Amino acid sequence: MTDVELFEQHRDGRQSAFADIVHRHAGWIYGVARRGLNDAHLAEDVVQAVFILLDRKSPRFYNDGALINWLHQTARYATATAARN
């Protein structure tokens, strides 16, 4: 199943679909944050923030590349914000 299909299932109320997305992408998002912060705990907070934003904003994605790009950009912004604070 694709990421977009999982995300649409999540939008329709299937919580396990969101858990599957988190499981697929949390590792590399953590890596983005860890490289930018040099702080493991803060990097974990960034990962959580990215997925909270994904859940709250619930944007529409038309392909997996768009979702992955959104996750990457959001991870970079959240990492930069965490580094400033």
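**View 1. Phe-7 in the predicted model.** Phe-7 is buried, with a relative accessible area of 1%. The model shown in every view is predicted.

**View 2. The pair formed by Phe-7 and Phe-61.** The structure holds three aromatic pairs. One of them joins Phe-7 to Phe-61 in an edge-to-face arrangement, 5.6 Å centre to centre and with 65° between the planes. Phe-7 belongs to helix H1 (residues 3-11) and Phe-61 to the loop between helix H3 (40-57) and helix H4 (64-84), so this pair ties together parts that are 54 residues apart in sequence. Phe-61 also counts as buried, at 8% relative accessibility. Together with Trp-70, Phe-7 and Phe-61 form one aromatic cluster.

**View 3. The pair formed by Phe-18 and Phe-51.** The ring centres of Phe-18 and Phe-51 are 6.2 Å apart and their planes stand at 90°, so the pair is edge-to-face. Phe-18 lies in helix H2 (residues 15-37) and Phe-51 in helix H3, so that distant parts of the chain, 33 residues apart, are linked. Both Phe-18 and Phe-51 are buried.

**View 4. The two faces of helix H3.** The buried residues of H3 are Ala-43, Val-46, Val-47, Val-50, Phe-51 and Leu-54. These residues cover an arc of only 125° around the axis, which puts them on the same side of H3. Their cover includes H1, H2 and H4. The face turned away from the buried side carries the exposed residues His-41, Gln-48 and Arg-56.

**View 5. The ends of helix H3.** At the N-terminal end, Asp-39 caps H3, with a side-chain oxygen 3.0 Å from the backbone nitrogen of His-41. Ser-58, which follows H3, has a positive phi, near 45°.

Conventions: Residues numbered from 1 in each chain as written. Predicted model: local features only at pLDDT ≥ 70, side-chain atom pairs only at ≥ 80, totals over all residues. Heavy atoms only, no water. Phe/Tyr/Trp six-rings, centres within 6.5 Å; stacked < 30°, edge-to-face > 60°. Helix = DSSP H or I, 4+ residues; strand = E, 2+ residues; numbered from the N terminus. Buried < 20%, exposed > 50% of the residue type's maximum accessible area, 1.4 Å probe, protein only. Arc of directions from axis to C-beta. Contact = heavy atoms within 4.5 Å. Polar contact = N/O pair within 3.5 Å; in protein donor to acceptor, adjacent residues only side chain to side chain.
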